[in-house]
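Got the viewer open and your selection tool ready? Here is a short tour, stop by stop.

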Amino acid sequence: MTTVSGDFELTMDELRAVARYVAESAQEVLPVFEETVPGDPRPRAALDAAWEFINGAKRTKLQRVTSLDAHRAAKEAGTEAARLAARSAGDAAAAAYLHPISQATQVGHILRAPASAARIAELNAGDDPAVGKLLIEQARQRATPALIAVLSRYPLAPTAKGRVAQLMSALDASLRAAA
């Protein structure tokens, strides 16, 4: 089994487990971007590249390039929800290259997409935080033991004032409590 090393090791199976978790969240919200920015294929391409890796293909330049393209699409999106949806697709492709370094910023590559999906749901419900809390709980329930084991190797998610960061911290705490 191929591994990547740094402060600790990650196997390709572990990277696929992380990428699957991120891609599932991105898949749920991609229509938000596609309805807002019809005709921009970049986030869909990133999500497709993520699924190729998840389904057993080697990680390649495809995941890196499509991830960057999706993040560029996010910057150009006209609404917060569309921006978060495109960014989630980019994060799904980038998850193939999660770094095994003990930095809190790496947690964003694991948890930002489900936190973004929760924020999108809040926005769609008139900015209702109860909806976000419900989606964070669903994301916690969807996490596999492999995902939690990988997350546990990293420091806690960085704290910040933005709503997505708050949701990500809440998800991080609930997943670690489940470990």
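For the residue classes on this tour, Ala, Val, Leu, Ile, Met, Phe, Trp, Tyr, Cys and Pro count as nonpolar, Asp, Glu, Lys and Arg as charged, and the others, Gly among them, as polar. You're looking at a predicted model, where local features need pLDDT of at least 70 and side-chain atom pairs count only at pLDDT 80 or more, while totals for chains, interfaces and linings use all residues. Numbering runs from 1 along each chain as its sequence is written, and side-chain values use heavy atoms, with hydrogens and water left out.

**Stop 1: the second largest pocket.** Select Leu84, Arg87, Thr105, Gly108, Arg112, Pro158, Ala160, Val164, Ala165 and Met168, which form its lining. Helices H4 (80-94), H5 (107-124) and H8 (163-178) each give two or more residues to that lining, and H8 gives the most, with three. Helices here are DSSP runs (H or I, at least four residues) and strands are runs of E (at least two), numbered from the N terminus. By class, this lining has six nonpolar, two polar and two charged residues. The space comes to about 160 Å³.

A pocket, on a 1 Å grid over the protein atoms alone with a 1.4 Å probe, is an open set of points with protein on both sides within 12 Å along at least five of seven lines; lining residues have an atom within 4 Å of a point. Volume is the space filled by probe spheres set on the points, which are joined across faces, edges and corners.

**Stop 2: the largest pocket.** Now pick Arg64, Ser67, Leu68, His71, Ala94, Tyr97, Leu98, His99, Gln106 and His109. Helix H3 (residues 61-76) supplies the largest share of the lining, four residues.

**Stop 3: along H5.** Just past H5, glycine 126 has a positive phi of about 75°.

**Stop 4: an aromatic pair.** How many aromatic pairs does a search of the whole structure find? One. Select phenylalanine 8 and tyrosine 154: their ring centres are 5.0 Å apart (within 6.5 Å makes a pair) and their planes sit at 85°, so the pair is edge-to-face (over 60 degrees). These two partners are 146 residues apart. Tyrosine 154 is buried at 2% relative accessible area, and phenylalanine 8 counts as buried at 15%.

Note on methods. Rings of Phe, Tyr and Trp (its six-membered ring) pair if their centres lie within 6.5 Å; planes under 30 degrees apart count as stacked, over 60 as edge-to-face and the rest as tilted. Buried means under 20% relative accessible area, exposed over 50%, partly exposed in between (1.4 Å probe, protein chains only).
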